Amino acid sequence: VKLAEKYGDTNVDDSDFIQINAGGRVIIASRKTLTYQKGTMLEALFSGRWDKKVQRDGFGHIFLDVNPTCFQEVINYLSEMRHSSE
């Protein structure tokens, strides 16, 4: 719990919407979608455990140096998987 308090946010919710600057394009996704695949880098990054340590842009969006089109496709895939299992 101490590490979570130091590096992350202990008050996160699956319904949170996260604004991500993916290679210059802002993409908004729910925490539930971003953390859908357990044990992945995305799940760890957006679980809230590292919220205080992730790189952010000048607007406070989480910054990822990735291809925005490819990242959007990953988000779309995770969203489809999440909704098809509900």
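What covers the buried residues of H4? Among the elements that do so are S1, S2, helix H2 (31-34), helix H3 (41-46) and S3.

## About the model

This is a predicted model, in which local features need pLDDT of at least 70 and side-chain atom pairs count only at pLDDT 80 or more, while totals for chains, interfaces and linings use all residues. Residues are numbered from 1 along each chain as its sequence is written, and side-chain values use heavy atoms, with hydrogens and water left out.

## The overall plan

The protein has four helices and three strands, and along the sequence they follow the pattern α-β-β-α-α-β-α. Here helices (H or I, at least four residues) and strands (E, at least two) are DSSP runs, numbered from the N terminus.

Of the 86 residues in the protein, 34% are buried. Buried means under 20% relative accessible area, exposed means over 50%, and partly exposed lies in between (1.4 Å probe, protein chains only). A contact means heavy atoms within 4.5 Å.

## The sheet

Strands of a sheet pair through backbone hydrogen bonds, either parallel or antiparallel. In this model, strand S1 (residues 17-22) and strand S2 (residues 25-30) run antiparallel and are joined by six bridges; two strands count as paired if DSSP finds at least two bridges between them. Asparagine 21 stands opposite valine 26 in S2 and opposite phenylalanine 63 in S3.

Together the three strands form an open sheet with the order S2-S1-S3 and mixed pairing. S2 and strand S3 (62-64) stand at the edges, each with a single partner strand, so one side of each has no neighbour in the sheet. From one strand to the next, the twist averages 35 degrees. Helix H4 (residues 68-84) packs on the sheet, touching S1, S2 and S3, and its direction makes about 15 degrees with that of S2. For these angles, axes are lines fitted to C-alpha atoms, for helices over the stretch in contact, and angles run from 0 to 180 degrees between N-to-C directions.

The buried residues of H4 are Pro68, Phe71, Ile75, Leu78 and Arg82. They cover an arc of only 85 degrees around the axis, which puts them on the same side of H4; the arc is that of the directions from the helix axis to the C-beta atoms. On the other side of H4, Tyr77, Glu80 and Ser84 are exposed.

## A buried histidine

Where does histidine 61 lie? Look in the loop between H3 and S3. Histidine 61 is buried, with a relative accessible area of 11%. Not counting residues up to four places away in sequence, histidine 61 touches Gln19, Ile20, Asn21, Val26, Gln55 and Arg56.
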